[in-house]
Amino acid sequence: MRILVAEDESKVAAHVRRGLEEVGYAVDVAADGTEALWLAENNAYDALVLDVMMPGLDGVSVLRQLRHQGRHVPAILLTARHELEDRVRGLDAGADDYLAKPFSMIELLARLRAVLRRQRPEPVDRLRVADLELDLRARTAHRGGDAIALTNREFALLELLMLSSPKPVSKTAIVEHVWDQHFDSGTNIVNVYVKYLREKIDRPGCAPLIQTVRGVGFALREPGA
């Protein structure tokens, strides 16, 4: 999952970025509203975390413009304002949630999981394909009951493939949702990480679940599906 954080206070931005990356999100950071709007218009984010008070465009104005463009990416507003009318203004602009400063990273992560969960066809915390199970809350993976140790990047890639299953996911979409804006397009890193996942998931004796779809990308599905 790829998240845009728009926050002009550098220490807060660094803290949020670190907290999100520690649990496997790819994170881009904008230092003002104008940059946030440009990034949101030109990248496929899974969620936005927008500070309300920013130089240039404020977070509410950024969100209102994105909603007017028909962009429905989940958004959480961060603000030092505690007045009811401020919360109402943010929610009326299209925010999915509203978090007052100071906040705990644990609460932000929980609210982020909640808005992402509501975007899925089935709002569940566990994904399952054949005998492969991914627990999004506990961040664990099991196949046939056996635990699979995954890095944060491997977990993010597997989550994307399972959310899309049985449909294939293009390499471009994988890059957009699993890596941040500093991704080096000149590398074959997607193929490398798919290989890592295959080695951990499609072990000897298990039916291979990760399939290469020629000319498209990769799909995770039961053989013959």
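Buried means under 20% relative accessible area. That cut-off applies to the views below, which show a predicted model.

**View 1. Helix H1 and its buried side.**
Helix H1 takes in residues 10–22. Ala13, Val16, Gly19 and Leu20 are the buried residues of H1. They cover an arc of only 135° around the axis, which puts them on the same side of H1. An α-helix has 3.6 residues a turn, so residues three or four places apart point the same way. Ser10, Lys11 and Glu22 are exposed and sit on the face of H1 turned away from the buried side. The cover over the buried residues of H1 includes strand S1 (2–6), strand S2 (26–30) and helix H5 (105–118). Gly24 follows H1 and has a positive phi, near 100°.

**View 2. The largest pocket.**
The largest pocket has a volume of about 690 Å³. Its lining counts 26 residues, and the closest to the centre are Leu116, Gln119, Arg120, Pro121 and Leu163. Strand S6 (126–129) and helix H6 (152–164) each give at least two residues to this lining. By class, the lining holds 15 nonpolar, five polar and six charged residues.

**View 3. The second largest pocket.**
The volume of the second largest pocket is about 180 Å³. Of its 14 lining residues, Tyr25, Arg113, Leu136, Arg139 and Glu159 lie nearest the centre. H5 and H6 each supply at least two lining residues. The largest share, three residues, comes from H5. The lining divides into eight nonpolar and six charged residues, with no polar ones.

**View 4. The cavity.**
The count comes to one cavity of 30 Å³ or more. The largest cavity holds about 40 Å³ of space. Met1, Val23, Gly24, Tyr25, Arg139, Phe155, Ala156 and Glu159 line the largest cavity. By class, five of its lining residues are nonpolar, one is polar and two are charged. Gly24 in this lining is the residue with positive phi that follows H1. Tyr25, Arg139 and Glu159 line the cavity and are also among the residues nearest the centre of the second largest pocket.

**View 5. His72 and Arg67.**
His72 sits in the loop between helix H3 (59–68) and strand S4 (75–79). Its relative accessible area is 60%, so His72 is exposed. Leaving aside neighbours within four places in sequence, His72 is in contact with Arg67 and Gln119. Gln119 is also one of the residues closest to the centre of the largest pocket. Arg67 lies in helix H3. With a relative accessible area of 17%, Arg67 is buried. Not counting residues up to four places away in sequence, Arg67 touches His72, Val73, Pro74, Ala75, Ala93, Gly94 and Asp96.

**View 6. Ala110 on helix H5.**
Ala110 lies in helix H5. Its relative accessibility is 32%, so Ala110 counts as partly exposed. Ala110 and Arg126 are 16 residues apart along the chain, and their C-alpha atoms are separated by 15 Å.

**View 7. Two cis peptide bonds.**
Most residues other than glycine have a negative phi, and most peptide bonds are trans. The bond from Lys101 to Pro102 is cis, with omega near -5°. Pro102 lies in the loop between strand S5 (97–100) and H5. The bond from Ser165 to Pro166 is cis too, with omega near 5°. Pro166 is in the loop between H6 and strand S10 (169–170).

Ala130 is not a glycine, yet its phi is positive, near 55°. Ala130 is found in the loop between S6 and strand S7 (132–135). At a relative accessible area of 29%, Ala130 is partly exposed. Arg139 is not a glycine either, and its phi is positive at about 55°. The loop between S7 and strand S8 (140–143) holds Arg139. Arg139 counts as partly exposed, at 27% relative accessibility.

Terms used: Residues are numbered from 1 along each chain as its sequence is written. This is a predicted model: local features need pLDDT of at least 70, side-chain atom pairs count only at pLDDT 80 or more; totals for chains, interfaces and linings use all residues. Side-chain values use heavy atoms; hydrogens and water are left out. Helices (H or I, at least four residues) and strands (E, at least two) are DSSP runs, numbered from the N terminus. The expected span of a helix is 1.5 Å times one less than its number of residues. Buried means under 20% relative accessible area, exposed over 50%, partly exposed in between (1.4 Å probe, protein chains only). The arc is that of the directions from the helix axis to the C-beta atoms. Contact means heavy atoms within 4.5 Å. On a 1 Å grid over the protein atoms alone, a cavity is a set of points where a 1.4 Å probe fits but cannot get out, and a pocket is an open set with protein on both sides within 12 Å along at least five of seven lines; lining residues have an atom within 4 Å of a point. Grid points are joined across faces, edges and corners, and a volume is the space filled by probe spheres set on the points. Ala, Val, Leu, Ile, Met, Phe, Trp, Tyr, Cys and Pro count as nonpolar, Asp, Glu, Lys and Arg as charged, and the others, Gly among them, as polar.
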